[in-house]
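Have a look at the structure first, then read on.

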Amino acid sequence: MTTTLLIHNAACIATFDHADPARGRELKDASLFVRGNLIEWMGPAAELPPALREEASEVIDARGHLVVPGLVNTHHHMYQSLTRAIPGVQDAELFGWLRGLYPIWAGLTPEMVRVSTQVAMAELLLSGCTTSSDHLYIYPNGVRLEDSIEAAQQIGMRFVATRGSMSVGASAGGLPPDAVVEQEDAILRDSQRLIEAWHDARHGAMLQVALAPCSPFSVSPALMKESAALARSFKGLGVRLHTHLAENDHDIAYSREKFNKTPAQYAQELGWLGDDVWHAHCVKLDDEGISLFAASRTGVAHCPCSNMRLASGIAPVRRMLEAGVPVGLGVDGSASNDGAHMVNEARQALLLARVGRAMQPPETRHGKTFFGCDLGPAEMTARDALHIATRGGARVLGRSDVGHLAPGLCADLALFDLRTLGFAGGAVHDPVGSLLLCASPMAAHTVVNGRVVVRNGQLTTLDLGPLVERHNRLARQLAQAARNA
């Protein structure tokens with residue numbers, strides 16, 4: 001029997017139903033009706049058809065709540081939740097951080113991947129995130145992508161599982177140790193198997209597969225090209241491509257030394273530009289790179305917390321958006337962020353863009369000279385940041401069925417209680433803006449595909465206490481094994 005859900009009497013429903021963040025409808029005293037996994041009706045509560053009210057099999061009393069589209073996370077390494085705050089790499093930049101952690105990650109087991117995936121997803125769901133990608137690029141000790149796929153199915157998150165890979169070890173001039181790289185023919189065979197077995201191209205798909213060679217410093221040009229050709233051979237199925245690009249100065253130096261190109265030029269040469277591609281970070285994307293991305297509609301996963309944690313820099317997000325580059329938000333790996341709170345990530349995107357503007361030299365626009373501090377607060381508004389975290393992320397992942405709220409779209413949404421302490425004195429003026437400006441709250445309710453997976457701040461699909469206990473035991477085991485090696 002088809003289930004029905006009524007979100008009733010919300011203080012505000014922020015739809016983000018327009019490409020311009022400032023023009024999306026914000027409905028006051030509104031309701032939203034879900035049939036199955038789709039939004040069927042949305043509007044003022046006073047106009048709710050009585051038949052829908054009577055038909056609802058579940059009603060969430062949304063008085064005093066803000067309703068937003070489910071947030072979309074475009075970049076993560078969920079297994080890294082096992083290595084948060086590891087001593088020895090807490091103050092390292094990207095390459096040193098990776099060199100310190102590769103030997104630990106070499107001990108990963110299938111159980112560790114399953115449990116860490118669910119811990120990462122629980123944190124995302126509790127912060128109002130309903131769709132997430134994950135970049136799993138290390139496969140020791142029998143680990144398979146299915147370990148994260150099955151974990152996602154159990155917890156109830158909409159998932160883009162990327163088949164990552166590393167094939168160039170230290171002996172061949174790459175960054176990772178040889179023990180954690182794979183043979184390229186095996187990578188490509190497994191990539192094809194996973195697409196054929198798991199990728200779902202239908203409207204409302206809960207699971208999709210993308211191909212994601214890890215980075216220019218850990219795979220060969222041949223693997224990049226062959227992965228792109230493989231993904232695009234599945235014509236009409238929307239199999240996407242993902243990697244890291246232009247993350248920090250060392251990344252730029254490596255690309256110039258090895259390939260005599262900027263990262264964007266290298267991506268262009270490999271066929272890794274296009275509306276079926278998204279790159280993580282792009283902190284050091286130059287003006288030429290931004291133009292190449294805009295012309296090809298290549299997407300970017302902006303990861304502000306990780307970029308600050310590793311001192312990589314401030315991505316030129318406003319310039320990307322103004323040029324027409326699709327931009328989404330990513331929490332990145334838990335070990336380079338130490339958290340996976342999507343509302344907090346959006347708040348950090350807002351704040352980092354503003355301080356980044358203040359650090360820029362003067363520029364001329366429309367014949368007027370602006371100093372960085374003049375444009376600082378206007379560089380990123382709260383609605384801009386929420387748009388990137390919802391509709392922007394959906395676009396980056398190639399999804400037109402999530403990311404905003406409208407009849408016919410998937411019922412992915414999050415509710416935040418505006419009556420709590422963090423919103424006091426803010427939500428009465430601007431409930432949408434206060435979500436980022438006043439607080440980084442956890443969601444009161446999170447709905448994925450019409451299913452309530454967080455209710456009254458509690459996960460409904462898994463018992464979180466035993467999961468965290470098991471995760472902590474495995475985290476200690478993983479670190480101890482590396483020390484004993």
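Buried means under 20% relative accessible area, exposed over 50%, and partly exposed in between (1.4 Å probe, protein chains only). This is a predicted model, where local features need pLDDT of at least 70, side-chain atom pairs count only at pLDDT 80 or more, and totals for chains, interfaces and linings use all residues. Residues are numbered from 1 along each chain as its sequence is written, and side-chain values use heavy atoms, with hydrogens and water left out.

**Salt bridges**
- The whole structure has 27 salt bridges, each a side-chain nitrogen of Lys or Arg within 4 Å of a carboxyl oxygen of Asp or Glu.
- Asp200 pairs with Arg202, with the closest N and O atoms 2.9 Å apart; Asp200 is buried at 16% relative accessibility, while Arg202 is exposed at 62% relative accessible area.
- Glu146 bridges to Arg144, with closest N and O atoms 3.9 Å apart; Glu146 is buried at 4% and Arg144 partly exposed at 39%.
- Those two also belong to a salt-bridge network with Arg163, Glu182, Asp190 and Arg193.
- Asp417 forms a salt bridge with Arg419, again judged by closest N and O atoms, here 2.9 Å apart, and Arg419 is exposed at 58%.

**Around Ser132**
- Ser132 lies in strand β7 (residues 129-136); strands are DSSP runs of E, at least two residues, numbered from the N terminus.
- Ser132 is buried, with a relative accessible area of 0%.
- Leaving aside neighbours within four places in sequence, its contacts (heavy atoms within 4.5 Å) include Asn73, Met78 and Phe159.

Technical notes. Helices (H or I, at least four residues) and strands (E, at least two) are DSSP runs, numbered from the N terminus.
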